[in-house]
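A request for a close look at one part of the model shown here follows, and the answer then goes on to other local features.

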Amino acid sequence: MKLLITGASGFLGQYVVAEALRRGHQVKAVIRPASDPTKFSWHDHPNLEQVRLDLRQRQGIADALKGVDAVIHLIAVKSGDFYTQFAGTVIATENLLDAMIASSIDRLIAISTFSVYDYQALGTGKLLDETAPLDRHPQYRDEYAQTKLIQEELYRKFEQEQSGQVTIVRPGMVYGRGELWHALLGMELSQSRWLCVGPNAFMPMTYVENCAEAIVLAAEREEAIGQTLNIVDEPVPTRSTYIRELSQRTPNPPRMTPILWPLMSLLAGLAWWINTQFLETRAKLPGILVPAKLQARFKPLRYNGEKAQRILKWTPKYSLGEAFDRSCSDDDLLTVAQPMNPVLSLSQR
Amino acid sequence: MPTILKSAVIGSGVISKEHLSFLNTCDRARIVGVCDLSPAAAQYAAQKFQAEAAFTDYRHLLESTQPDVVHILTPPQTHKRIATDCLEAGAHVICEKPITTSYQDFQELWATAERCDRRLMENHNYRFNELIQTIARMVEDGTLGEVQDIEVRMALNLREKGSRYADENLPNPMHKLPAGVIHDFITHLTYLALQFMPGEIDRVAAAWSNHAGDSLFKYDDLDAIVLAGQVHARLRFSAYTRPECFTLFVRGSRGYAETDLFQPYLRCVIPRPGGKQLSPLVNHFVNGYELMQSSVRNFRNKIMQRSPYEGLHSLLAQTYEALISNQPLPIQFKDMERTNRLVERLLAEGDRF
């Protein structure tokens, strides 16, 4: 297949490009103009064409789509204010979908997130799978969740109104080299100490190379069309297991101060009650004291990747320990072997 | 039944939140439409602020809704064209700063407003912040004496990673303005200084610099001196000094007052009871107490998410009342004309150093 991969220089995107090339696909990798493409070892692969684009503007997108069979859309902005994230996530997606419609390309593998779920609607200890409700009142969630929800609405509209062949892939928390200590582990109190909320709760983790493989499989499998797939690596680890394994491989790991989920939930509930009763819900509290945000990060739930495994015929290649070993090694994880019978580079055609 | 004006908003970027939140709570306006080139952005803003419709073509918005007032919040390069169409469609126009990118364009736009018998107003929101109004009253009632010296200083981390101005992938449209990104702020510096300089400006000198020397920014620093007779003003913009601030100092023949609009406080050194001997001491105590009060106030404002845009809400409230009662707008032609003329003179200094 010829795949257009947006967000190719992002944390997950660089592995998706590598995996797509390894599986023999031709790849057009969308890289933002100011990024340095030579830092990825796949940058000169003969089956790769780099496309320098910023999807926040429409110019050039239709050209990039020429000859493409499917689009793997990874772009999202995780930092900045709401309007920055809206432009980078929603408007970029809107521009891409408009260009796909104009180019009559209907196959889309849309990368979403677990952040779109309504965690307050799920009871503690319940199973979160693809049937869980989406957050319909995200005003108290962070900008990322809000903009990713709008982005999913655009995907649905494309699917329903344009007969788009869409697979929505929702990875759990993606971890890997450079992204091992993350927001699901707790709250950073200082450089050497974290507050660990609910140490015994499961976390919906997926190692970046495993996740990248699942995404490319979603592009390959016809059965994935019209499906929404949660991506987690089974068995999912508890917070304490993840931290213990990671700490063994981290020089001077931060010390974790545990706090039980019921206590933290109670504190957040109390803070929110004060906010609603006395401050007209206008007070800006730390995220950990906002129940909607706290639950999205720390609520003890169960997860499985059964549907993705079944439809994609996918089994995560690397276990938690192997994933940490690879992440902490000096190996180049983006190396892609050159084809046995090199074909002409895409850019040479 | 109070008169309610039909309002429309064109452009749904960052500043639209302030305009729309005002309109959403104002009992003198109903939002008949929001327009943005992005359908998703227009729909989001319309839904969030209970606008009656979303548009992607402002001409369609004008035809469909026939608004009484249009707020133009698009990049400055588009203001003149959009404002002209709005005025000719019979709407009053409230336009974000800078209203145009040149003085001549401002004059032409004003002539259009006159011809169409519609009101046209550039946003000078910080003039309506509470502490700026307090200092203005101190000048009016003679507390500070004759104004001799003004300094307006703005420091913003425009070059910091993550700043919308530092984005090299899709450079902010403000980079293409005559003064680059500083053009986005120079209106504020200028109208605040001119508020305390009623006389004709007779001398201007400005050093425009790009200290980093990169190609993304045209300028990242401005140091300007403006003289109106004996009154001196210094306009200063820096992308390097920290912390971020927006300070105003007004020094008169009897005393001085200062404030920072980003972390509001008022420090006022004036003759106090106790005569010449005790005044310095009384000033210290009074200002110390005021600073402590400001700390509590600013902490509360931070928690309650109150921004330095309180002046914009006040300005818009006064503007709607004035439109309904057919009274002069809070920002008049003279204010805008002097501001845009001084901006033009400052820009003309761009190549002198």
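Q: Which residues make the nonpolar surface patch of about 400 Å²?

A: The patch is made by A:Leu260, A:Leu263, A:Leu266 and A:Leu267. This is a predicted model, in which local features need pLDDT of at least 70 and side-chain atom pairs count only at pLDDT 80 or more, while totals for chains, interfaces and linings use all residues, and side-chain values use heavy atoms, without hydrogens and water. Residues are numbered from 1 along each chain as its sequence is written, with chains lettered from A and ligands numbered from 1 in the order in which they are written.

A patch is made of residues with over 30% relative accessible area and no salt bridge, joining nonpolar side chains (Val, Leu, Ile, Met, Phe, Trp, Tyr) within 5 Å and like charges within 9 Å. A salt bridge here is a side-chain nitrogen of Lys or Arg within 4 Å of a carboxyl oxygen of Asp or Glu, and the areas come from the Shrake-Rupley method with a 1.4 Å probe, where for residues only the protein chains shown count as cover.

A:Leu260 counts as exposed because its relative accessibility is 56%, given cut-offs of over 50% for exposed, under 20% for buried and partly exposed in between (1.4 Å probe, protein chains only).

Beyond H7, the loop between H7 and helix H8 (291–298) of chain A holds A:Glu280, whose phi is near 55°, a positive value in a residue other than glycine; A:Glu280 is exposed too, with a relative accessible area of 59%. Most residues other than glycine have a negative phi, and most peptide bonds are trans. The bond from A:Glu234 to A:Pro235 is cis, with omega near 0°, and A:Pro235 is in the loop between strand E12 (228–231) and helix H6 (239–248) of chain A. A cis bond also leads from B:Lys97 to B:Pro98, with omega near -20°, and B:Pro98 sits in the loop between strand E5 (92–95) and helix H5 (103–116) of chain B.

Strand E5 belongs to an open sheet of six strands in chain B, ordered E3-E2-E1-E4-E5-E6 with parallel pairing, where two strands pair if DSSP finds at least two bridges between them. Strand E3 (54–55) and strand E6 (120–122) of chain B stand at the edges with a single partner strand each, so one side of each has no neighbour in the sheet. Inside this sheet, strand E1 (residues 5–10) and strand E4 (residues 69–72) of chain B run parallel and are joined by four bridges, with B:Ala8 opposite B:Val70 in E4(B). Helix H4 (residues 79–88) of chain B lies across E1, E4 and E5 of chain B, at about 175° to E4(B); contact means heavy atoms within 4.5 Å, and angles run from 0 to 180 degrees between N-to-C directions of lines fitted to C-alpha atoms, for helices over the stretch in contact.

How values were computed. Helices (H or I, at least four residues) and strands (E, at least two) are DSSP runs, numbered from the N terminus.
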